[in-house]
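This report is intended for a reader meeting the structure for the first time. Please consult the sequence and the model while reading.

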Amino acid sequence: MSERRHIIVHEADTVATVLDSDTQATRLQGGAPCAAGILFGHKVALRDMPCGASVVKYGVAIGVATQAIVQGEHVHVHNCR
Amino acid sequence: MSTTAAEHGPVAISGYRRADGRLGIRNHLLVLSTLALTNRVAQLAATAEPGCLLVAGDMQRGLRGRDAVLQERVVHALLRHPNVGGAVVFVHDTPARARMQEWVKGCGRPVQVLAFMEGRGVGETVQRGRYAIAEVRDVMHAQGRSCGHLGELTVALECGGSDATSAVCANPTIGGLVDLIVASGGSAIVSETAEFIGAEPVVNARAVSAEAGADIIDAIRQRERMMQEDGEDYRGVNPTPENIAGGLSTLIEKSMGAVAKCGASPFMGRLDFAESPPSPGLWFMDTPFFSPVSITGMVCGGAQLTLFGIGVFNPSAVPLAPTIRVCGNPATVRDWSDAIDIDVSMLVDGRITLTEAVGLLRVKAHAVCNGELSWAECWGEGQIIVPRERASI
C-alpha cells in the first residue's frame, strides 16, 4: 500500500501539503489517513477541525474551516476560506 | 523551526574587516561608472585589469527629486558596501570629481576618482583608469583577512520563479537559516512590497511594535493603491483560478509562501529603498517587485549575501553580494544544475526533513562566506537597477 509524500512546514500546522501525484493512496507517509484524489500541492487535514477553527499552515492561520473537517480530508475552498 | 544558534554554536567566517567595523565576505575592487556616458571607458579599464568588479548601469542626469536622491544613495552605498575593499570611480566632469573626492574621504577604503572630461582621448582615459586600478589593488593587497561570525551578516531575502515547491521547500529552508542568523545577532532584509498583500495580519502579529507594523502595512497599502490606479484589483482576483487549481485556498496562504522565507523573527520596521537597518533583526524594505531592483535595494542596504528561493529558474542577482540559489523543484534542479547552489528537492520525496534542509543551507552559506563562489558569481550574473518614479528633465 503506497503512502503519499507530503510536507508539514511548521510544527503547529493543522494541514500538510501533498507533494506527489499518487492520488489513489489513502495514507500519508507515517500512516496518517489521507483522502483519495488529493492533487499535488493541495492540502490534507492532519487533525479534526470543527467549523470555525483556524486552518494553520506555515504556523499561521491561513483561513477558517467553513464546515467541520475530519483528519485526512482535502482542505480547500469548499471547506476553508 | 527548531534550529537554534545554541545547537550549532557560533559559526566562524574568515572575512574582511572594514573601517566601520562591518565584515565583508568578499574583497571586491569595484570599478564604478556613475554616469552612462562613462560606462565604456570604465568597462575597457576594468576588463584590461584582472580581478575587478565592473558596475556600469543606466545612471542618468536630469533626474528629479526622489529619483536623484535614490541614484546618489545607491552610488554611495556601493562604495561603502562591506564586500568592497577598494574602488575606482568614473565621474563625468571636474565638479563631480571634486564632490566625489570629498565624499570618499569618509569611505574608509582606497578609492580613486577619475573625471571623464579631464581626459585626452579614449585610450588615455582608459590608461589612467588602469593605473588607478593598479594603485588601489596594491593598497588592497596589504589588507589581511580577519575572523568574524554568522551573526555579523545581513542577508537579502528574495524569491523568484515561484511555484508550489518554493512555498513549502525553498522558502521555509531560507526562513530556517534566517532564524539562525537573527538569533546570532545578525540581520535580514525582505522586500517586494506587493508580495505582502494579504499577509497584513501576519505582519501585525509579528511586528516588534504597533508603529513598526503600521509602517509596513502603510507601504503595502500604497503599492495596492498603485495597482488599483492601473485598474487592477489584486485582492479581488487572488488567489487566481490557477492558484486555486494548484491548491492555494486563500490570499494569505498565497502570500505566506513568500513570507515563509523570513522565518519567524519579529519585523523590526520598514526601510526605504537602499537604506541600511539601524539595528539588527528582520527588516522590511519597501521596493518594487522586480527581483533585480529589489535585490539592488537590499544589497545597497548592506546585505553581504543574498538567499534566493526559486521554483522555476530565475537568474537575478547583484554582483557585489554572492547569491545562494535554493531550489526544491526536481525538474529545475535537473535542468539548471550549473546554476543552482542548493538542491532541497529531497524535501519533495521525503528523503530529508526541513531541519536537515536548513542544515545543508547553513553549511553552504558558511562555505560561500569563506570564499566559495556561488553560481551567479561563476557566470558573472546580475546587475544594479535603481527604480525611477518620475519623468526626468
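Predicted model: local features only at pLDDT ≥ 70, side-chain atom pairs only at ≥ 80, totals over all residues.

## The nonpolar core

The largest nonpolar core comprises 139 residues. Within this core, Leu78(B) and Leu305(B) have the most contacts. Helix H6 of chain B, spanning residues 164-183, supplies the largest share of the core, namely 11 residues. Because domain 1 (28-141) and domain 2 (149-378) of chain B both contribute residues to this core, it lies between them.

## An open sheet in chain B

In chain B, 3 strands form an open sheet, arranged in the order E2-E1-E7 with antiparallel pairing. Strand E2 (23-24) and strand E7 (146-149) of chain B are the edge strands, each of which pairs on one side only.

Strand E1 of chain B, residues 12-17, is joined to E2(B) by 2 bridges, and the two run antiparallel. Tyr16(B) has Gly24(B) in E2(B) as its bridge partner.

## Contact between the chains

Where chains A and B meet, 21 residues of chain A are in contact with 18 residues of chain B. On the side of chain A that touches chain B, strand E5 (residues 60-64) of chain A gives the most, with 3 residues. By class, this side of chain A consists of 10 nonpolar, 7 polar and 4 charged residues.

Terms used: Residues numbered from 1 in each chain as written. Chains lettered and ligands numbered in written order. Core = buried A, V, L, I, M, F, W, Y, C linked by C-beta atoms within 7 Å. Buried ≥ 20, exposed ≤ 12 C-beta atoms within 10 Å, placed from the backbone. Helix = DSSP H or I, 4+ residues; strand = E, 2+ residues; numbered from the N terminus. Domains from an automatic or database assignment. Pairing = 2+ DSSP bridges. Contact = placed C-beta atoms within 7 Å. Nonpolar A, V, L, I, M, F, W, Y, C, P; charged D, E, K, R; others polar.
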